[in-house]
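This report describes strand pairing and model confidence for the structure shown below.

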Amino acid sequence: MEEIIPAYLLEAHRYFCCTMHSMRPWLVGIGILSAGVASANLFVNGDFEAGNSGFSSDYVFASSNSSEGQYTVSSMPSSFNGAFFNIGDHTSGTGKYMVINGATSGSPAVWRQTVGILPNTTYYFSAWASTAVGGGPAVLQLKVNGSNEGSSFQLPNNVGSWVEWTVSWNSGAATSATFEVINSNLSAFPNDFYLDDMSVVVPEPASLLGVGFGSLLLARQKRRK
Ligand SMILES: [Ca+2]
């Protein structure tokens, strides 16, 4: 029977049916691989396809818009506010996104999410934004652990396009990061906008994968000695 079992399965069997001690190099390799995969996007529900979950907001969630400072998650913002432009979401063209009527006082967080991070690592924040009503766009600012990061980002004056907002940030000694999106435009009208596909990644996950594969190869070589 053995000759019909593919060689790679026999190889895998040999390596996984060993003692815990000799598996340690494998586990190191797999752990680093996992870190590389996780860093693809640390945010939960960044694409809003799961609806109003995975993030918090100082804005008030509402299905129908009755005042400034409210938001919803929808694929059809005109059902939230009849003046809002219906644009296909950034993720697939048919999915959901965050629909926001800008607040007029204070500096409430539009969107907030806390993630575990590695210290002394540069992370790359990205969000896609669009204007809901033309004429007076939102101006966004990223805060990480309470500090402004990057430049303020003004959305397009007109409706109908998604634009990418990016900020790079180094974690320093931090092992946890709270990312907050603030809108510094406090006008009542229009000041309405959308967010989609929020992400935070390590810029070069491929290099982490490389380290992971390198560890696996090292483990193989050690076992063959
Ligand atoms: Ca989406």
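Strands are DSSP runs of E with at least two residues, numbered from the N terminus. The model is predicted: local features need pLDDT of at least 70, side-chain atom pairs count only at pLDDT 80 or more, and totals for chains, interfaces and linings use all residues. Residues are numbered from 1 along each chain as its sequence is written.

S10 runs antiparallel to strand S3 (residues 97-101), joined by four bridges, and antiparallel to strand S5 (residues 122-131), joined by seven bridges. Phe193 of S10 is the bridge partner of Ile100 and also of Thr131.

## The four-stranded sheet

An open sheet of four strands has the order S4-S9-S6-S7, with antiparallel pairing; two strands pair if DSSP finds at least two bridges between them. Strand S4 (109-116) and strand S7 (147-154) are the edge strands, each pairing on one side only.

Strand S6 (residues 139-144) and S7 run antiparallel and are joined by five bridges. In this pair, Lys143 stands opposite Asn148 of S7.

## Confidence

The average pLDDT (the predictor's confidence in each residue, from 0 to 100) is 82, and 73% of the residues score at least 70. Values stay under 50 over residues 1-38 and over residues 206-225.

Definitions and conventions. Two residues are in contact if their C-beta atoms, placed from the backbone, lie within 7 Å.
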